[in-house]
Amino acid sequence: DLLVVGSANADLVIGVQRRPAAGETVLGSDLVTHPGGKGGNQAVAAARLGARTALLARIGDDAHGRLLLDTQRAAGVDTVGVLVGGAPTGVALITVDPSGDNSIVVSPGANARLTPGDIHAASALLAAATVVSLQLEIPLETVAATVRAVGPGTRVVLNPSPPALLPSDVLAACDPLVANEHEARYLLADHPASEDADPAAWATALLARGSRSVVITLGAAGALVADRRGHVHIPSEPVDAVDTTGAGDAFTGALAWRLGVGDDLESAVRFAVRVGAVAVTRPGAQQSFPTAAEVTAPGE
Ligand code: ADP
């Protein structure tokens, strides 16, 4: 089974003609509320593809939390690990201007209250997981506690977003680390490879820092897969992208599922690239994620 340990947010979106300056009020469009958060997105992406998926997360005892629980369950996610209370549900307040640029304020809320103790209390979920997928929208100490609690037979997939420097034992557990260009360069910090234009150089440096394998997502160019034996670029079929929100989460959820059912890393990335390509052709995040039947075979 796939276990996603991470964030769940309500995304509150208002269209505006222009952003308010300090002290100013502007009128906007009707409010649209979407389920989001990287953990919630990954879980929905995997479950919609057919994965047996559980989510370990924390939400508030409020209307946003109930919306998130309902949407996870509707997608088929096991929500027994979704803890309730301690703070309001995490929220992203998003304004979108006519050129499509976003301004976002995130209130982590309950996500910031998911503790190492919560992880230790969920030992049955951890024990049932063949793959555990993590991101960084929950406390880093909770991510580290999860990695340290998983058994040797459980594979760890980690998307370092928003980017933060990882403890060496966490990086050493990643199989793979899944990073976009920005995240890869951030993790390399002062390493000379961060100045390199070649994603293979970032992957090589991240492997040298201890990650067991590395996947660099490259937007329309697909992804690069690397482990100690070498690296391979998996291109994407060209598509008409309308909204890339959540594409990385769809990619990682799909990848984690395929690894859990026994694909090798390269095959799993080939599938995830096709899932990401479908997700960007539709608006929104979770609502854009495909079923397995909607993911076309190569060349179709
Ligand atoms: P993030 O959304 O985390 O920045 P990317 O932009 O690299 O990550 O996108 C993640 C994956 O989604 C890519 O590896 C690719 O498979 C797919 N994807 C993203 N943008 C496009 C695009 N314009 N065309 C086709 N696939 C895309």
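The legends below describe close-up views of a predicted model.

**View 1**
As a general point, the strands of a sheet pair through backbone hydrogen bonds, in either a parallel or an antiparallel sense.

**View 2**
Strand 1 (residues 2-5) pairs with strand 4 (residues 53-59) in the parallel sense, over four bridges. Within this pairing Leu2 stands opposite Thr53 of strand 4, and Val4 has Leu55 of strand 4 as its bridge partner. Strand 1 also runs parallel to strand 8, to which four bridges join it, and here Leu2 stands opposite Val131. In a regular strand the side chains alternate between the two faces of the sheet. In strand 1, Leu2 and Val4 point one way while Leu3 and Val5 point the other way, and all of these residues are buried.

**View 1. Strand 9 beside strand 8.**
Strand 8 and strand 9 run parallel and are joined by four bridges, with Leu134 having Leu158 of strand 9 as its bridge partner.

**View 2. The packing of helix 1 against helix 2.**
Helix 1 (residues 38-49) packs with helix 2 (residues 63-75) at an angle of about 25 degrees, and their axes are 8 Å apart. Because angles under 35 degrees count as roughly parallel, helix 1 is described as roughly parallel to helix 2. The crossing of these two helices is left-handed. Helix 1 contributes Gly40, Ala43, Val44, Ala47 and Arg48 to the contact, and helix 2 contributes Leu68, Gln72 and Ala75. By type, the residues of this contact of helix 1 with helix 2 comprise five nonpolar, two polar and one charged.

**View 3. The packing of helix 9 against helix 10.**
Helix 9 (residues 247-260) and helix 10 have axes that come within 8 Å and cross at roughly 150 degrees, and the crossing of the two is right-handed. On the helix 9 side the residues are Ala247, Ala250, Phe251, Ala254, Leu255, Arg258 and Leu259, and these meet Ser267, Ala268, Val269, Phe271, Ala272, Val275, Gly276 and Ala279 in helix 10. The residues of this contact of helix 9 with helix 10 divide into twelve nonpolar, two polar and one charged.

**View 4. The surroundings of Gly222.**
Gly222 lies in the loop between strand 11 and strand 12. Gly222 counts as buried because it has 22 C-beta neighbours inside 10 Å, where 20 or more are needed. Although Gly222 and Ile234 are twelve residues apart in sequence, their C-alpha atoms are 5.8 Å apart in space. When residues up to four places away in sequence are not counted, Gly222 touches His233, Ile234, Pro235, Ser236 and Val273.

**View 5. The surroundings of Ala110.**
Ala110 has its place in the loop between strand 7 (102-107) and helix 3 (116-121). With 30 other C-beta atoms within 10 Å, Ala110 is buried. Ala110 and Gly86 are 24 residues apart in sequence, while the distance between them in space is 6.3 Å, C-alpha to C-alpha. Leaving out residues up to four places away in sequence, Ala110 touches Arg58, Ile59 and Gly60, together with Gly86, Ala87, Pro88, Thr89 and Gly90.

Conventions. Residues are numbered from 1 along each chain as its sequence is written. This is a predicted model: local features need pLDDT of at least 70, side-chain atom pairs count only at pLDDT 80 or more; totals for chains, interfaces and linings use all residues. Axes are lines fitted to C-alpha atoms, for helices over the stretch in contact, and angles run from 0 to 180 degrees between N-to-C directions. Angles under 35 degrees count as roughly parallel, over 145 as roughly antiparallel, 65 to 115 as roughly perpendicular and the rest as oblique. A crossing is left-handed if the near helix is turned anticlockwise from the far one by less than a right angle, and right-handed if clockwise. Two residues are in contact if their C-beta atoms, placed from the backbone, lie within 7 Å. Ala, Val, Leu, Ile, Met, Phe, Trp, Tyr, Cys and Pro count as nonpolar, Asp, Glu, Lys and Arg as charged, and the others, Gly among them, as polar. Two strands pair if DSSP finds at least two bridges between them. A residue is buried if 20 or more other C-beta atoms lie within 10 Å of its own, exposed if 12 or fewer, and partly exposed in between; C-beta atoms are placed from the backbone.
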